[in-house]
Each structure stands twice: as C-alpha cells, then as structure tokens.
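Below is a short note for a colleague who is opening this structure for the first time. Please read the points in order.

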Amino acid sequence: GRRRQNAQVQLRTQAETERSTMPTFDQLKGEAQLGALEGALHAAVRDYKKEMLDGEESAKQRQKEANTKEVDLLDDEDLDELHAQRIREMKAEAMRRQEMAKKGHGQYVEIKEDQFLQEVTTCAKCVVHFYHEDFQRCKIVHKHMQAVAPKYAECKFLKLNAQEAPFFVTKLQIQVLPCIVMFKKGIACDRIVGFEELGGVDDFSQVRLERRLTEQGIITYKNDDIDSDEEHELRERRGIKGGGVDEGGK
C-alpha cells in the first residue's frame, strides 16, 4: 500500500512540474507577436535596401542615357535665335565702324587749319596732336597715335602742323610741342604738353598715353600688350628733348 502511495505522489509531483514549466496562453501570444514584429522589421530593412539599390541603378541608368544621348545643336531653336542675334549685332557693329571710318575714326588723320573746326565740332570725342615736322618727340607721338587710333574707334585722332595753323595755336595758347589737345563736343577739356605727364622720357610706353587719355574719358582703356619692337625702338631714342613752337627744339 505504501509503494502505491509513493508512486501516486511521484506522478502528482511530475504532473505539477510539467504544468509549472508549460507556457501559458498569454505567454504564447506575446512570443508570437514579438516574432511577427521581428519578421516585419527584417522585411522592412530588406525592402529599404532593395529600394535604395533600385534607386541607384535607376540614377546610373539615367546618367548613362544622358551621356550617350545625341544632342543636335543645329536643330536647337534657341541656339538658332542666339546665332541670328549675334550675326545682327556683328553686322550693326561693322556698319557703325564703316560710318565712323568715313568720318575719320579708327585712323590717325592729317588735317589742315581750315578743316580744324569742322573736324573737332562734329564728333563727340577728338584728340588733336599739334606737331612740328622737325621735332623728334613729335615723331614719337606720331608713332604712338598711329597705333592707338585703330584701337579706339570711338575717338577721332588728328594731327595738325602747328606752323600751318597759327590761328588755332594762338587761340589755344600752345607754346610747347608736342602738344596733344583733347576735345569733347568741340570743347577743349584737357591737354598733354611735352612728355612730362608721360614719364618725362622718350621711351614712354603706349599704355601711359592711353591711360592719360582715359583720365578725361576720351577713351575707355583696353588692356592690350604693347609691341616689343616698338618699345625697343623708343628706348633707342632716349634723351631727345622737345622744344617751343618757334624755337625749333628737337
């Protein structure tokens, strides 16, 4: 009887142990929810990575198509209009230069005393070099003016022999040559007498002359290189002085 009782106790104890270790319904439900959540997270991460990779591939494909796409510029209407506009501007500029050239712009022109008023008063900006044909410094100015005139077509560059224009030499009180007189709409607004304002030397650079003319707005300075041969030639003339109108200085 005791053995049977002991066996029953053992069975009862084993059953209670099994019941204590078995998960409850709520526990099973919670674990199932956690598993589902974990699975969803993994799926979301996987989908995100795929989306990113697909996006990169799509971007690479679009770039590849853009790189290999043929662009026919000749069929672009905007470029056609831009080209046509540029042609019109070039033609207008060419016509303007032709008209100015007919009036003496873009070149260094010799005039006589009876032409002086007509030339000076019929243009917006004008530079007149009063010179003496025997003065070496006047010849240096000639060389610079010859180079400057085509560069600044907006201004008229003239030369007038001072010995043949006594009226205007007296009227403008010109006493030393070379003398470069600047005019705006026929009014004398400034002058360069001798070489003092150009460095005081015979081999002054063309840039000095251009910058000096720019001070009064006679020209708008353009930064171009000066011809080296011209500079060399001017340096060889160092030491040559100018003189008064009637002194015949050289």
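This is a predicted model: local features need pLDDT of at least 70, side-chain atom pairs count only at pLDDT 80 or more; totals for chains, interfaces and linings use all residues.

**Notes on the model**

1. Residues are numbered from 1 along each chain as its sequence is written, and side-chain values use heavy atoms, with hydrogens and water left out.

2. The mean pLDDT of the chain is 79, and 66% of the residues score at least 70. Over residues 226-231 the pLDDT is below 50, and this stretch has twelve contacts in the model beyond near neighbours in sequence.

3. An open sheet of mixed pairing is built from five strands, ordered β1-β3-β2-β5-β6. Strands are DSSP runs of E with at least two residues, helices runs of H or I with at least four, both numbered from the N terminus; two strands pair if DSSP finds at least two bridges between them.

4. Strands β2 (residues 125-131) and β3 (residues 156-161) pair in the parallel sense over six bridges. Val128 has Leu158 in β3 as its bridge partner.

5. Gln206 lies in helix α7 (residues 206-215). Its relative accessibility is 8%, so Gln206 counts as buried (under 20% relative accessible area; exposed is over 50%, partly exposed in between; 1.4 Å probe, protein chains only).

Terms used. pLDDT is the predictor's confidence in each residue, from 0 to 100. Contact means heavy atoms within 4.5 Å.
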